[in-house]
Amino acid sequence: MRIDVVSIFPSYFDGLTLSLLGRARENGLLDLHVHDLRDWTSDRHRTVDDTPYGGGAGMVMKPEPWGLALDELAGSSRPTIIFPSPAGEVFRQSTAREFAEHDHLIIGCGRYEGIDERVFEYAATLGEVRLVSLGDYVLNGGEVAAMAMIEAIGRLVPGVVGNPESLVEESHEDGLLEYGSYTKPSTWRDREVPGVLLSGNHAAIAAWRREQQIERTRARRPDLLSD
Ligand code: JCE
């Protein structure tokens, strides 16, 4: 999979390119390229924003640099073009699974009050456009949302996470929260590890863990049980 990110703060992504995804990158499984939107400006001040038509607070990202960036990065690959936006569909594990199947993602990170609306229409002529929100809160720009999405998508690309079983057992993959985990010592500050986990009875352990998952989901995320 190739992912191109366009941002006016490309150094935000320096940390991400190390860690978990660093290894996938070396294997050639995940080819991440981060670009500075200002590289597609031509004025002396490398301007990417301007005042909004119709008035209002703040600035809007100009369409021209975005048009040139998308033309160059899309090529002939019919990419999926993702714009993080508080007005987009909510990003879920199912969204990550869907995007992990695609060969080429372009993620456009807005700033200020957002991007000129015509950029989304134009992008739709180059590939499939998706406006995607990380959740129901407002960030200052798309970068943090893009990083979260890249991590969630990247770890689903076959071969990126070592043990495929560890993917299935995690929260949200089966629609329930995870059971609690314990490690040594078996007693710590007068607190015991639940006895069943020390029993060696694998059927009892599996049943206890499933019960934990259901109870926690009911207490913390009842929306996951009713929907
Ligand atoms: C962004 C902004 C709209 C006021 C580009 C915010 C995603 N889940 C999300 N929360 N916030 C975002 C997000 C993504 C891209 C941009 N802003 C700031 N947007 C109204 C301010 C600009």
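Is Trp66 buried or exposed? Trp66 is buried, at a relative accessible area of 0%. The model is predicted.

## Largest nonpolar core

The largest nonpolar core holds 28 residues. Ile3, Val5, Phe13, Phe91, Ile107, Ile150 and Ile153 touch the most other members. At least two residues of this core come from each of β1 (2-7), α4 (93-100), β6 (104-108) and α6 (143-154). Helix α6 gives the largest share, seven residues.

Ile107 shows the packing around one of these residues. Beyond neighbours within four places in sequence, Ile107 contacts Ile3, Asp4, Val5, Val6, Ile82, Pro84, Ala146 and Ile150.

## Second core

A separate core has 19 residues. Among them are Ile8, Trp40, Trp66 and Phe120. In soluble globular proteins, nonpolar side chains tend to be buried together.

## Aromatic pairs

The whole structure contains three aromatic pairs. In one of them, the ring centres of Trp66 and Phe83 are 6.2 Å apart. Their planes meet at 70 degrees, so this pair is edge-to-face. Trp66 sits in helix α3 (residues 63-74) and Phe83 in strand β5 (residues 80-90), so the pair ties together parts 17 residues apart in sequence. Phe83 counts as buried, because its relative accessibility is 1%, under the 20% cut-off.

Phe83 also pairs with Phe120. Here the centres lie 4.8 Å apart and the planes are at 80 degrees, so the geometry is again edge-to-face. This pair links strand β5 to helix α5 (residues 118-123), with Phe83 and Phe120 37 residues apart. Phe120 is buried too, at 14% relative accessibility. Trp66, Phe83 and Phe120 together form one aromatic cluster.

Definitions and conventions: Residues are numbered from 1 along each chain as its sequence is written. Side-chain values use heavy atoms; hydrogens and water are left out. A nonpolar core is a set of buried Ala, Val, Leu, Ile, Met, Phe, Trp, Tyr and Cys residues joined through side-chain atoms within 4.5 Å. Buried means under 20% relative accessible area, exposed over 50%, partly exposed in between (1.4 Å probe, protein chains only). Helices (H or I, at least four residues) and strands (E, at least two) are DSSP runs, numbered from the N terminus. Contact means heavy atoms within 4.5 Å. Rings of Phe, Tyr and Trp (its six-membered ring) pair if their centres lie within 6.5 Å; planes under 30 degrees apart count as stacked, over 60 as edge-to-face and the rest as tilted.
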